[in-house]
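Hi,

Here is the model I promised to pass on. Please have a look at it first; my notes follow below.

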Amino acid sequence: MNTFFIRTLSGFIYAVLIIGSILTGPYGLSILLFLFLILSLNEFRFLVIGFGTTFAKVTLFAINILFYIGWMSKTFNLLGKEYLLVAFTLSLLLLLVNLFVHKEYPGRFYGNLLFSLVYLTIPLIITNQLFYTADNTNTIQILLGMFIIIWLNDTFAYITGALIGKHKLSPNISPKKTWEGAIGGFVFSLAGAFVLSLFFTEYNTRLWLGLAGVVVIFGTFGDLLESYLKRKAAIKESGSIMPGHGGILDRLDSLLLAAPFVYIYILLV
């Protein structure tokens, strides 16, 4: 089957899942993002060292999942303080046991564990929290717009780079990315933001253009960060769950860095 067709179909299914979950509301999106978290953690353990043992894997998954569920339960008022106490106690116990398991390089293990929280779990939580920066209608528009701009940037950066790309953006990290591709993605993202402002009228054109700038700049850095992690781990793709794209991290890389800054941008603007 044609690679382009497989990539397009895979991307379409991913987009339908994202848009559908956003339209169902915070609960639907939080469930989908929880699934993405599980898949991301499974790929993350191959990108950084320290999670080779079974107990280390359990710790990685347990602490991130406990943190995610704890935050979501606080947001939705589902679980009481008892959960937080149990989650904190269990996390502390896991951390203490790992102190004895990783006798040689405990700092590296704990550093990568903290990195997993900052890089994966917190950005996914913040993505769901975008529902609560204003009234529900407005934030649905922001969430949909953010993902659409990310997809526009990724798509047209790829197309523009393939057609006219000559000057490498960061050859030591991602040899295929070019300045021409980055500029092409940025231009089409701005155009897409302008079109969004015509339909999503709760926010003005200037805010949408600013949002596009935030998404493209930090989304590109997110893409480069994941490329750096893959290059350091000597792997081409983070996984194979999405035919034509690679792993779930290969699709979420832009979102993971862009979402926190979009949240800050919306709060400030």
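K230 and D250 form a salt bridge through their side chains, 2.9 Å from N to O. K230 sits in helix 8 and D250 in helix 9 (residues 248–268), so this pair ties together parts that are 20 residues apart in sequence. Both K230 and D250 are buried. Keep in mind that this is a predicted model.

K230 has another partner. Its side chain also meets that of E226 in a salt bridge, at 3.6 Å, N to O. E226 and K230 are four residues apart in helix 8, so about one helical turn separates them. E226 is buried too. Through shared partners, E226, K230 and D250 join into one network.

The count comes to three salt bridges. One of them pairs D223 with K177, at 3.3 Å, N to O. It links distant parts of the chain: D223 is in helix 8, K177 is in strand 2 (residues 174–178), and they are 46 residues apart. D223 counts as buried because its relative accessibility is 16%, under the 20% limit. K177, at 22%, counts as partly exposed.

Now helix 8 itself. It runs over residues 205–233, 29 residues in all, and reaches 42 Å from first C-alpha to last, close to the 42 Å expected. At its start, a side-chain oxygen of N204 comes to within 3.2 Å of the backbone nitrogen of R206. Just after the helix, A234 has a positive phi of about 60°.

Last, the surface. F5, L9, F12, I13, V16 and L17 form a nonpolar patch, with about 580 Å² of accessible area together. V16 belongs to helix 1 (residues 3–24). V16 is partly exposed, at 45% relative accessible area.

Best wishes

Conventions. Residues numbered from 1 in each chain as written. Predicted model: local features only at pLDDT ≥ 70, side-chain atom pairs only at ≥ 80, totals over all residues. Heavy atoms only, no water. Patch = residues over 30% accessible without salt bridge, like charges linked within 9 Å, V, L, I, M, F, W, Y side chains within 5 Å. Areas by Shrake-Rupley, 256 points an atom, 1.4 Å probe, with all protein chains shown as cover. Salt bridge = Lys/Arg side-chain N within 4 Å of Asp/Glu carboxyl O. Helix = DSSP H or I, 4+ residues; strand = E, 2+ residues; numbered from the N terminus. Buried < 20%, exposed > 50% of the residue type's maximum accessible area, 1.4 Å probe, protein only. Expected span 1.5 Å × (residues − 1). Polar contact = N/O pair within 3.5 Å; in protein donor to acceptor, adjacent residues only side chain to side chain.
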